Amino acid sequence: MDSSEAEGTAHGERSEGTAPSTSNSPGQGEAGPKPKKVSLKRATSKPTNAKAKKRKKARVSRPAQLGYTVHQGEDMLLVISSTTSQYDGSAWTPPKKGSKKKKLTKGKVKAIQIKKKKTARAKPKLVNNPVAKEKEDTDLCVPQKATDHRWGQSLPEEVLINIFQMVVVQDGAVPFLCRVGRVCRLWNAAASSPVLWRKVTVGYCWIAPGKTQLPKTEKKIKDTITWLAQNRFSQLRDFSLYHWTKNVSYAVEVVTQFCPHLRSLTLSYCTGLTVTAFHSLGLHSRSLQSINLQYSEFQVEGLLEYLENHGSQIKQILFTHGLKNDRLLTAITRGYCPDLELLEVNTKLDSKDGELPVCIKALQMACPKLKTFRMLNVRPLHKTMRNGADSTLGFPLLEELCIATTSCSYMTDKDLWDILFGSTRLRVLDLRGCSRITPSGLATLPCLELECLFWGQYFSSNVGLSSPKAGLHMVTQKWSQTLQQLDIANQLFAAEDLEIAMSHLAQATDADTLRSLNLSGTRVTPPALRSVIGQMTALSYLNLSSCRYLPRGVKRIYRGQEDIRQLLDKLD
């Protein structure tokens, strides 16, 4: 074949839209002028360039990228997915739109060819069948998505109940059980177990504080409480409401109606408890033993009527000091609750009116089974009985007495003796803020196995103004064998007295007795401190802040036995 025929063949293989060459000789086609060559860059080229273009098009058609990567480990093949498309890596790919061949004009054919040079990609093809077979063999190592979320549906119901019980003890039944009950039927059956609903606390979570409650929201609240009481509260023992400003009476009535085993009712920071709710308590809650109404507003007449008729079953009462609420203490001293074991009266820390008149002798006669008596930030004013009768028993079962206050208390040694003269089982004595109590008054108390003594002076304007005290060694000598916690913060005992008192603590036969010691603001010295730290091996809390007689580097709070041992090395 001559050169003209070869050139003609090359032009025949090109597209019809290209311009023909001006010369048929091969010399002119190879060495033409440069401007003419540039203008015909896409239209004319050498026969060898045409073959090179065909090779480039052949390289574009490459096998499809697999949707996984195979890595060889020590003892297995790992197949790692690297695709997000459901068709990548498969032998079949969906047909693209417009893939059918159509008869187009010459101009359209040229435009499509130019566009394909920029964006077109070859269709993925499965060129290596052995790799596909290897993928099928190694799919066993990849976890199946269909079974990833089914582990919870195969657990026994008893196991789920035990797991839920752990969460309920820590976080409460509501809203946890309500949420897990919507996962599946098995979880709903486990969350519906009455054992998990014995203690329920409901906070106010429907509207933000300070906003009004819409009628639809109020209806939703009532329907929710009613449904829970009917379907979940069959074995409810303890029920608590916090920060409810509406529907309090409705909630109490519904709960008492459907919960015959209710033993404890707590309403904290709630308002609107009416007489009707107390009537429902009397009719349905025959097992109720504890009522906690601290920081709540309620109709005192309804509670007084309830205590008069059903007070014999009540063993615990907690309320906040107020002008109307103080009538409850009067009713208790009249004998409305003869089996009362816990009585707690509190008030806010910033409250200025903390004085509460109380007749201790009448209370001792009315509540001989009292075990815990707390007056938190309330200063009791002792009243005398009109008939002059004296109680010969006192509080024989009393185990805890708390008369802590943030201000100066007027309680004296005689007042303390009138309360505790018959309390031989006392274990906890909290006298924080009682600056008029003396060590000799404590030493005369009849309790011989006191475990916790809190006698620190906090938030008192008299701290630092009173004269130094003496006689702390009588207290530590009396209870050195039983004291586990001792707090004498800001007590102005002399350094010599503190040294003798610490030596009595160090002479305890059981070195594991004392666990907490608060000496903040005292005049304790390094020798006195060294004696007690070296002997009390179980001591895990030590407060030495603001101790003026100690080196500057050790005036801080120590937590943990190891931290306290390091302090002992510094003192040596």
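**Close-ups of a predicted model**

**View 1. Phe164, Phe176 and Trp187 are linked into a cluster by ring pairs.** Rings of Phe, Tyr and Trp (its six-membered ring) pair if their centres lie within 6.5 Å; planes under 30 degrees apart count as stacked, over 60 as edge-to-face and the rest as tilted. This is a predicted model, where local features need pLDDT of at least 70, side-chain atom pairs count only at pLDDT 80 or more, and totals for chains, interfaces and linings use all residues. Residues are numbered from 1 along each chain as its sequence is written, and side-chain values use heavy atoms, leaving out hydrogens and water.

**View 2. Here's Phe164 with Trp187, both buried.** Buried means under 20% relative accessible area, exposed over 50%, partly exposed in between (1.4 Å probe, protein chains only). Phe164 comes in at 3%. Its ring centre and that of Trp187 are 5.7 Å apart with planes at 70°, so the pair is edge-to-face.

**View 3. Two charged side chains sit over rings: Lys222 over Tyr250 and Arg432 over Phe454.** The criterion is NZ of Lys or CZ of Arg within 6 Å of the ring centre and within 35 degrees of the ring normal. Lys222 is 5.3 Å from the Tyr250 ring centre; for the charged end of Arg432 and Phe454, the figure is 5.6 Å.

**View 4. Lys555 is partly exposed, at 34% relative accessibility.** Lys555 and Ser545 are 10 residues apart in sequence, yet 4.6 Å apart C-alpha to C-alpha.
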